[in-house]
There are 2 protein chains.
Amino acid sequence: MNIKTIAKMAGVSVATVSKIINNYADIGEETKQRVLKIMNDVGYMPSSSAKTLATKKSNLIGVVFAGQLNSDLSHPYFVSVLDAFKRQIGLLGYDLLFFSNEKFFREKEDYLARCRHFQVEGCIIIAGDQVEPSVNLLDSSDIPCIGIDIKLTGNNSAYLTSDNAKISSCAVEHFYMSGYRDIGFLGINRVTEVTTTREVAFKEAMNMFGLNINSDWFTYSEDFEGESGYQAMKKLIARGSLPRAIFAVTDLLAFGALRAMKEHQIRVPDDVAIIGCDDLLACQYSDPALTTIKQDKEKIGKLAALMLYDMINQQMDPKVIIVEPELVVRQSCGGA
Amino acid sequence: MNIKTIAKMAGVSVATVSKIINNYADIGEETKQRVLKIMNDVGYMPSSSAKTLATKKSNLIGVVFAGQLNSDLSHPYFVSVLDAFKRQIGLLGYDLLFFSNEKFFREKEDYLARCRHFQVEGCIIIAGDQVEPSVNLLDSSDIPCIGIDIKLTGNNSAYLTSDNAKISSCAVEHFYMSGYRDIGFLGINRVTEVTTTREVAFKEAMNMFGLNINSDWFTYSEDFEGESGYQAMKKLIARGSLPRAIFAVTDLLAFGALRAMKEHQIRVPDDVAIIGCDDLLACQYSDPALTTIKQDKEKIGKLAALMLYDMINQQMDPKVIIVEPELVVRQSCGGA
DNA sequence: CTGAAAGCGCTTACAG
DNA sequence: CTGAAAGCGCTTACAG
């Protein structure tokens, strides 16, 4: 079923049908209704590829999970952001194309090429670590890109991130105000925009409050999984000296730490208090419920869609938007 | 940059370039290498839409979240399945097209039309509730479809689901063997393949063990969110009489129930034991850690990809595959 | 081993 | 208000 058939059935030209599909004004009302009815009756649907080929517009947004060790659909934080993004960009009429990371044309991991290949109109790039050069290529291309937690610098790029410095200072401040002075840090052994910022800011905040930075109380997990947080916490415990409070750069890591402490009969928050970051769903149900710095996933995803849309359509000047984090007090950080 | 330019640069015909791209055998090695080098140098990438238009193959798999109240990217269980699916289907060379549910051509929610529109080669359909007729249309079309937790009956469809009857009997059996006799049920107020099966099987299992089914101990949440499980549990508590154990059809609901009980100083498992279903990550960190019936998300997602691939390529006879669930014992169900 | 040409299903100036 | 025709960038018999 194609446009030609419809034209024939209606006794009009292909051009006329095309104009009706695309809502051109200069079509007789009677003709329009007649053609519309026929299309409806036979369930005609224009071919996307033909349209894309003719117009260079695909109505598709590419989603790329950047980095060697990308989070894909496995990190609850990014999934939530993406969920909000999908909802909003859907309202604006776009569908989403998830590039598989596994395989591609002649084995090359070339995002820009893939975007051209599918003629996507814009991209959302989700942060990962060890970001490949091909992401930079995409970033600096003419394809509008919106980054989540990844600093994009291209002329047609913008990015969103929580205020990561503030996240750390929030945590330290809350510890301080709750009477904690001996504060440790559970970080991650990978070079990421986000985690690096949080660690630097953590130290600055410690300094600001005149608190001692004790490197014995710093421990690092291998990746973003809860299991790795567990391992990292066990390493810290094994060292013998424990801080009274720990800031974990991510809820997932905090959960792992919680499990390690439970195993070692270390009571939270009585022996060691802990604050995470993200406000994953599971924070409400953990033992104890996790005090955390909330990132507004809903807002970030929605804003990303809106900004990308503007960049695609009105050549809006790309910007960076920093979203405010928020302290959510639960049970894992009492008072010292 | 198109095939014509490459042909001109290499001094060969467009047809020859096309054959090289598609790895035809009947091309001179020298020619081939020369053209390949040029494509590489200029970073040429064939246009997907032109290729699709010419071949009717898009290398795209559509993902549809069925149902009025679909789970989209918000239900951790389906996200995990999808994650595994994406990884495997990516290895097989496909990218994923997520249809936005929000809006479409002339406001119609017609999945089949959308699939034709994009010429997707196959679809994965994720269960939701109040499934629209348009999903049935897609199911009974010639497009290969693989369902997750949704019974597909079309000639080119297959589906995967955990053995939901067994899930319930596992739970009841474990309760029974742990000494519990007064068992309640936390279900969901929506007509879904999965939840209906679990409820029916729950009652059958209760009968099998000669246990009393007390309707006072049945309570239903409005949807799949933890918050709704919380509300449902509060309703049950308000009725005054509590069972000694509860089977929640979903971990998310169980988490909500956990919170409600904590608020009412009901100890788990001392006062009321609970078993969930899914084995979400959060089960490990909840208070207490949740005993659950695990669905093998990894396996289901991977199998779905493999089956869909076979259906697309070798016209494999569609099948239904039932995946075995597995009891995971943690702390929420001790001994009575 | 290589190429000319028709065709895939649309859109878009342009002419009337 | 409507239509003829070129063009988008590929693939694929078919001919040589």
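Which of the 28 residues around DNA strand D come nearest?

Modeller: Happy to. This is a predicted model, so local features need pLDDT of at least 70 and side-chain atom pairs count only at pLDDT 80 or more, while totals for chains, interfaces and linings use all residues. Residues are numbered from 1 along each chain as its sequence is written, chains are lettered from A and ligands numbered from 1 in the order in which they are written, and side-chain values use heavy atoms, with hydrogens and water left out.

To your question: A:K19, A:T31, B:I3, B:S18 and B:Y44 come nearest among the 28 residues around DNA strand D, where near a strand is taken as having a heavy atom within 4 Å of it. Sugar or phosphate accounts for 72% of the atoms of DNA strand D within 4 Å of the protein, and bases for the rest.

Two or more residues of the surface near DNA strand D come from each of helix 2 (14-21) and helix 4 (48-55) of chain A and helix 2 (14-21) and helix 4 (48-55) of chain B. Helices here are DSSP runs (H or I, at least four residues), numbered from the N terminus. Helix 4 of chain B gives the most, with 5 residues.

Helix 1 (residues 3-10) of chain B meets helix 2 of chain B at an angle of about 105 degrees, with the axes 8 Å apart; the axes are lines fitted to C-alpha atoms over the stretch in contact, and angles run from 0 to 180 degrees between N-to-C directions. That makes the two helices of chain B roughly perpendicular, a label for angles of 65 to 115 degrees. The contact (heavy atoms within 4.5 Å) includes B:I3 and B:I6 from helix 1 of chain B, and B:V14 and B:S18 from helix 2 of chain B.

Notes. Parallel < 35°, antiparallel > 145°, perpendicular 65-115°, else oblique.
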